Amino acid sequence: MNPVKLKEGVYWVGEIDWELRNFHGYSTQRGSTYNAYLILDEKITLIDTVRSYLFDKMMKRLSSLIDPSHIHYIVSNHVEMDHSGSLPLLMKIAKNATIITSPHGQKGLQAHYKKNDWNFKVVKSDETVSLGRKNMKFVLTPLVHWPDNMVSYLEEDRILFSNDAFGQHIASSERFDDEYPLGIVIDEAEKYYANIVLPYSSQVQKAMDAVTPLTIDMIAPSHGIVWRSHGKTIVEEYKKWASNQVDNKCLIIYDTMWKSTEKIANAVQEAFESQGIPVKMANLGHSHISDIIADVLTTRFICVGSPTLNSNMLPTVAGFLTYLKGLSPKNRIGLAFGSYGWGGQAVSHVENALKECGFKMMESIKVQYIPDETQLEEIFNKLKQEITMNESVLNKLPIEAQA
Ligand code: FEO
């Protein structure tokens, strides 16, 4: 694939990872891209690189436009190795290049690659560097996704190189949001936000404030599709996700041994649906946790069920709860449920884990052996009442407090 022109003298020169199916535990069914961008100016500038195993392919693309030894600046917006992994190889060729990065970026790159002979230009937030005819402004966006993150803004072309923010894991020959089904791009951006950016939502809000004064024609993230026609849409979505606004929906996540916990899950589903609340079910035996988290992002009621196995919850449920806790979604209402044979410890373990997430809890549901029709009806009726109670409490709150 040839370099792709974004604007006059600005090219995508990244690489497509068609085979990627696991990105540090995140399932990437559509693969991904590592987006590097080249600016042809008096000072030839490369923004980010690709994973080290794709270095040769990136160099082939770069070499079709320039002699890579002539690169003057390499902007490292983020130390994580999906973007910096090719730096050591590239710096052997672009020997005189200066790496522009944040203060944490310099420390991180030196700690990763142990190179004391690299030239650095460390930038502050809002600092501008002249590339010749065009100017590049840098805005530090710490913790979107690591402490070193920053974004770069090419002033004359009004392109924001946003690194991880606004990215999606999509491998495709298409580079722009008006060339690819928009619903899929938004869904993948949502999954990306939920799995990568969610714990840093307050930092995302600060970063959004910092870039709001910029006039932006194009958002060029470091993964996936470039936003040139629907930039406003993704910015609005980010504002919603970053503010932890949730919809009045219910997500039931469970695993089951002999289908008893599944029976309770079905009763829970009916109770929520009877109150007009849409429900989505996710059996951890079949669903990947990174897909479930994408639904957690906008869902108010999070119900988690597990039978008891060896005095504990099932490992699939424990894995999900560990992942959930790390991502720190806020303002959720939780419910723990499950069946058991004798000890029945799983439900209290689930309840405690959801409390540790900071969720407001509904009364847990626990049934010995196989729930019969009478028990399932009791669960349905009791839960229906509790949902109504929660609803009336929520309805009395101002909208911001409901979020
Ligand atoms: Fe795409 Fe945080 O790296």
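Let me begin with the area buried between domain 1 and domain 2, which is about 1,100 Å², with carbon and sulfur atoms giving 58% of it; buried area here is the accessible area, taken with a 1.4 Å probe, that two parts lose on being put together, summed over both. This is a predicted model, in which local features need pLDDT of at least 70 and side-chain atom pairs count only at pLDDT 80 or more, while totals for chains, interfaces and linings use all residues. Residues are numbered from 1 along each chain as its sequence is written, and side-chain values use heavy atoms, with hydrogens and water left out.

The domain assignment gives domain 1 as 4-242 and domain 2 as 247-394, such bounds coming from an automatic or database assignment. The contact, meaning heavy atoms within 4.5 Å, takes 13 residues from domain 1 and twelve residues from domain 2.

How many salt bridges does the rule find across the interface of domain 1 and domain 2? There are two, where a salt bridge is a side-chain nitrogen of Lys or Arg within 4 Å of a carboxyl oxygen of Asp or Glu. Separately, I would point you to Lys240, which forms a salt bridge with Asp247, the closest N and O atoms being 3.3 Å apart.

On the side of domain 1 that touches domain 2, the largest share, five residues, comes from helix 5, helices being DSSP runs of H or I with at least four residues, numbered from the N terminus.

Definitions and conventions:
Helices (H or I, at least four residues) and strands (E, at least two) are DSSP runs, numbered from the N terminus.
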